[in-house]
Amino acid sequence: MNGWRGASPTARLLLVAVLLTGLTTFMFLPLLAIELTAQGIPAGRTGFLVGLLAFSSQAFSLLSGLLVDRLGPRRVMAAGFLLRIAGYVLLGLGGAARPAPLVAGIVAVGVGGSMLGLSAKTLLVSQEGSDPRTMLALRSTFVNIGVVVGPALGALVYPLGFRYILAACVLSHLVLGIGLVSGRTAAAVPGRMAAKATATAAAAKATGPGAGPVAEPGAAKDAAPDAAAGRPGDVTRWTLLRHWAPLAALGVAYWAIYSQLNVLLPIAANELTGSTAAISVVFTANGLLVVLFQYTLLSRVFRRATARTLLALGFLAFACAYAVLIPLAGWYSLLAFVLPVTLAEMLIGPSLDEQAVNAAALRRTGLALGTMSAAGALGSLLGSSLGGRLLQATRGGSLAWVLLVGCSLAAAAICLLLPKVRTRHA
């Protein structure tokens with residue numbers, strides 16, 4: 001993997017951390033509901049607690065991004081490791097008879113995961129000598145290794161007791177936290193941001209005091225039409241709005257459509273095939289395809305394509321994926337669904353983050369990535385809520401898939417509103 005060989009030691013260490021935290025997270029996460037139910041917690045309360053974990057992570061993402069920009073990724077990463085370790089310990093101490101540590105532990109694991117994810121992602125896309133697309137593709141590959149392997153490891157360890165899984169989570173986070181925070185990343189100021197800040201400062205010094213703000217490369221082209229009209233401030237706001245409004249809308253749309261894999265698809269897969277194992281086949285095949293082809297697809301096949309093009313292609317792939325479910329052709333429809341939906345996931349997820357990084361202001365990468373995570377949280381909430389209502393309204397017919405095809409095509413059209421040129425706005 002050329003991207004791995006060309007990555008800096010810091011980037012490699014971060015990717016290993018992404019892999020190991022993903023493994024332990026997916027050892028723990030699929031078994032949480034089973035363990036809570038086994039402890040005698042009612043199903044309704046168990047569902048609330050599992051949902052609280054996802055909500056805690058997603059709802060905190062915007063604040064996590066602000067903290068990354070304000071305090072630096074290293075400090076936020078350290079806090080994330082500490083919160084997650086404390087959360088796993090509290091989960092081990094909590095239970096049906098002790099709900100307070102259980103709830104506190106779930107919130108701590110969720111918030112800590114948000115801080116860890118955004119700080120690691122910010123450091124990866126800011127590595128000197130590596131472009132964001134390559135780092136995001138590698139990160140997605142390593143995350144999906146955890147998605148595929150983690151549940152199997154959890155199933156092997158669970159007969160020994162859920163606390164052994166929690167102990168593995170604590171130990172891995174403790175070792176990784178010490179290695180990342182006190183090791184190579186201690187001096188790792190995001191390289192691309194630091195170089196950009198140095199260039200801006202040098203230009204300001206050369207221009208001299210009182211000469212006004214220094215524009216970034218490419219900013220003159222964006223500001224030129226408005227400068228002639230005498231409203232540079234307005235064009236800056238307009239440029240940002242022109243980029244961020246469709247980008248945020250696409251983030252919401254992606255997660256609303258993608259969330260149907262957890263809402264509509266499991267029920268539909270069972271109805272189409274008569275097998276409760278059908279959805280497991282879909283998720284396993286999806287994870288393996290992402291692990292095998294994610295990096296190659298983005299760094300080689302679509303190396304010269306803009307993120308806008310990749311987003312449009314991804315939403316068109318979503319439309320194709322849901323279109324093959326319209327005939328309700330049993331296993332044929334379900335297996336034909338896997339390839340285009342996986343293509344959509346591989347193209348859209350990293351490209352949204354790449355667009356956010358390109359649109360981010362100086363030293364606001366964390367906030368940009370946090371904004372996309374917040375848009376994803378809103379999309380997941382809307383998708384889950386509307387998906388359930390859609391299932392009730394259509395009563396298992398093809399209309400649900402027709403509507404999802406239409407939503408995917410509308411999102412592909414919104415992609416055309418994004419700027420073609422990759423820019424960072426000052």
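This is a predicted model: local features need pLDDT of at least 70, side-chain atom pairs count only at pLDDT 80 or more; totals for chains, interfaces and linings use all residues.
Leaving out residues up to four places away in sequence, F318 is in contact (heavy atoms within 4.5 Å) with Y254, I257, Y258, V341, A344, I348 and S408.

Ground rules I jotted down: local features need pLDDT of at least 70, side-chain atom pairs count only at pLDDT 80 or more, and totals for chains, interfaces and linings use all residues. Numbering runs from 1 along each chain as its sequence is written, and side-chain values use heavy atoms, without hydrogens and water.

Buried here is under 20% relative accessible area, with a 1.4 Å probe and protein chains only. This core has 46 residues, and F315, F318 and Y322 touch the most other members. Helix 15 (331–359) is among the elements that give it two or more residues, and helix 15 makes the largest share, 9 residues. Helices are DSSP runs of H or I, at least four residues, numbered from the N terminus. I also found a second, separate core of 28 residues, with L15, F81, A120 and L297 among its members.

Then I turned to T21, in helix 2 (residues 9–38). Is T21 buried or exposed? T21 counts as buried because its relative accessibility is 15%. A polar atom of the T21 side chain lies 2.7 Å from the backbone oxygen of A17, and the backbone oxygen of V18 lies 3.2 Å from a polar atom of that side chain. Setting aside neighbours within four places in sequence, T21 contacts F81, H173 and L176.

How values were computed:
Buried means under 20% relative accessible area, exposed over 50%, partly exposed in between (1.4 Å probe, protein chains only). A polar contact is a pair of N or O atoms within 3.5 Å; within protein, one must be able to donate a hydrogen and the other to accept it, and residues adjacent in sequence count only if both atoms are side-chain atoms. A nonpolar core is a set of buried Ala, Val, Leu, Ile, Met, Phe, Trp, Tyr and Cys residues joined through side-chain atoms within 4.5 Å.
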